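Subject: Structure for you to look at

Hello,

Here is the structure I promised to pass on. Please open it next to this email and follow along as you read.

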Amino acid sequence: MTERAPECCLDLRGTPCPLNWVKTKLRLEEMEPGRRIEVIVDQGNPERNVPRSAKMEGHRIVHAISQNGAVRICIERAEESAP
Amino acid sequence: MSDFSEGQIERYSRHIILREVGGKGQSKLLESRVLIVGAGGLGSPVGLYLAAAGVGTIGLVDSDAVDLSNLQRQILHTTADLGRPKCLSARETMEGINPDVCVVPHQCRLDSANVLNVVADYDVVVDGADNFPTRYLVNDACVMQGKPLSHAGILRFEGHVTTIVPGRGPCYRCLYPEPPPPGLVPSCQEAGILGAVAGIVGSIQAAEVLKLILGIGDPLIGRLLVFDGLEMSFRSVEIPRDPGCPVCGDRPTITAPIDYEEFCRLRGGIESNPEVQS
Ligand SMILES: [Zn+2]
């Protein structure tokens with residue numbers, strides 16, 4: 001499968017946990033299943049917490065790339081975001 | 001959801017994080033309309049939690065003024081509110097917690113003439129009434145209009161709570177077809193009530209209302225949850241729908257709201273109007 005470009009990008013540098021995840025989740029809710037979003041978060045807690053929360057809701061982490069003190073995380077929206 | 005303000009995203013973040021709520025659920029809460037009958041012991045925790053949760057429109061029915069003896073449990077009101085209408089004092093508290101919420105005061109006593117009009121404006125109703133006439137009136141009106149109703153009662157260290165969804169389970173009259181004779185069931189005024197018990201039972205009502213709006217979990221339909229605060233225990237009693245119920249049964253005999261006095265006269269002339277279970 002070829003890498004699809006993320007639909008949108010959210011720059012969440014400077015946004016603390018858990019608000020960075022809350023904003024990511026709100027965006028994911030509006031997307032079609034299978035679509036991707038790229039979020040940029042700070043290193044440290046955000047780079048651990050945001051992917052963990054996304055996975056807990058069934059979304060897939062496509063990749064996470066460290067870059068200039070921040071982390072670009074590509075998330076693919078799950079089929080069902082709510083039970 | 002992009003139509004949340006930054007402040008709303010932060011305010012409701014702990015809701016939005018919940019898998020069962022999310023932005024869509026929070027939007028449902030903001031668009032919902034809940035009526036609370038009674039701004040007293042039960043109505044206080046219900047009002048506080050629903051306002052904090054961002055239930056967009058909250059109607060409050062209460063005709064009383066704040067009395068010093070209320071403040072031991074009616075946590076919507078403060079000492080500075082003594083003598084003020086409870087509706088207004090409650091509105092100030094609730095809107096102070098959350099400016100997203102619009103509180104609609106109904107400073108009146110519900111009766112057979114106004115109950116259908118008042119209830120019609122809301123999606124869910126909470127019974128926190130302190131008297132039997134209102135309790136039966138609200139139950140009947142909710143059944144007639146198909147409105148979900150959270151019912152509860154408290155006395156001393158005990159409480160009970162159930163959720164009535166017309167068509168999906170029993171109503172209050174299935175459980176108690178008629179009001180008890182005046183004087184049989186003591187009131188909080190006579191028997192007392194531990195303030196925190198009102199908080200526990202009212203908080204359960206608030207959680208039930210939020211679940212109903214969100215469409216999640218299992219509401220207390222067909223179940224009476226009985227709380228004993230001395231033992232600190234809960235038990236759940238199954239309650240069946242009565243096919244012969246006068247209001248929600250297969251052949252209802254009560255098809256319009258009736259006042260308690262009339263109801264009692266029909267059943268043999270009980271005159272007084274007891275204030276029960278505040
Ligand atoms: Zn019934």
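R156(B) is partly exposed, with a relative accessible area of 41%. (Buried means under 20% relative accessible area, exposed means over 50%, and partly exposed is in between, with a 1.4 Å probe and protein chains only.) R156(B) sits in the loop between β5 (149–155) and β6 (158–164) of chain B. Its phi is positive, near 55°, and R156(B) is not a glycine. Most residues other than glycine have a negative phi.

Some ground rules before we go on. This is a predicted model: local features need pLDDT of at least 70, side-chain atom pairs count only at pLDDT 80 or more, and totals for chains, interfaces and linings use all residues. Residues are numbered from 1 along each chain as its sequence is written, chains are lettered from A and ligands numbered from 1 in the order in which they are written, and side-chain values use heavy atoms, with hydrogens and water left out. Helices (H or I, at least four residues) and strands (E, at least two) are DSSP runs, numbered from the N terminus.

Backbone features in chain A

N68(A) also has a positive phi, about 50°, and is not a glycine. Look for N68(A) in the loop between β3 (60–67) and β4 (70–76) of chain A. N68(A) is exposed, at 78% relative accessibility.

Which two residues does a cis peptide bond join? They are C17(A) and P18(A), and omega is about 0°. P18(A) lies in the loop between β1 (8–11) and α1 of chain A. Most peptide bonds are trans.

Where the chains meet

Now follow chain A into α1(A). Ten of the eleven residues of α1(A) are buried, so this helix is largely enclosed by the rest of the structure. Among the buried ones are W21(A), K25(A), L26(A) and E29(A).

Helix α1 (residues 19–29) of chain A packs against helix α3 (residues 22–31) of chain B at about 85°, with the axes 8 Å apart. Axes are lines fitted to C-alpha atoms, for helices over the stretch in contact, and angles run from 0 to 180 degrees between N-to-C directions. The two helices are therefore roughly perpendicular. (Angles of 65 to 115 degrees count as roughly perpendicular, under 35 as roughly parallel, over 145 as roughly antiparallel, and the rest as oblique.)

From α1(A) come K25(A), L26(A) and E29(A); from α3(B) come G22(B), G23(B) and K24(B). Contact means heavy atoms within 4.5 Å. By class, this contact has one nonpolar, two polar and three charged residues. (Ala, Val, Leu, Ile, Met, Phe, Trp, Tyr, Cys and Pro count as nonpolar, Asp, Glu, Lys and Arg as charged, and the others, Gly among them, as polar.)

Inside chain B

Nonpolar side chains tend to be buried together in soluble globular proteins. The largest nonpolar core here has 29 residues. (A nonpolar core is a set of buried Ala, Val, Leu, Ile, Met, Phe, Trp, Tyr and Cys residues joined through side-chain atoms within 4.5 Å.) V34(B), L50(B), I58(B), L60(B) and M94(B) have the most contacts inside this core. Which element gives the most to it? That is α10(B), with six residues. A second, separate core has 27 residues, including V118(B) and Y136(B).

Next, α4(B). Nine of the eleven residues of helix α4 (residues 43–53) of chain B are buried, so α4(B) is largely enclosed by the rest of the structure. P45(B) and V46(B) are among them. After α4(B) comes G54(B), with a positive phi near 85°.

G202(B) is in helix α10 of chain B. G202(B) is buried, at 0% relative accessibility. Leaving aside neighbours within four places in sequence, G202(B) touches L42(B), P45(B) and V46(B). G202(B) and P45(B) are 157 residues apart along the chain, yet their C-alpha atoms are separated by 5.4 Å.

Two buried polar contacts

Is Q74(B) buried or exposed? Q74(B) is buried, with a relative accessible area of 2%. Its side chain makes a polar contact with the side chain of K86(B) (2.9 Å). (A polar contact is a pair of N or O atoms within 3.5 Å; within protein, one must be able to donate a hydrogen and the other to accept it, and residues adjacent in sequence count only if both atoms are side-chain atoms.)

R36(A) is buried too, at 4% relative accessible area. The side chain of R36(A) makes a polar contact with that of E76(A) (2.9 Å).

Best wishes
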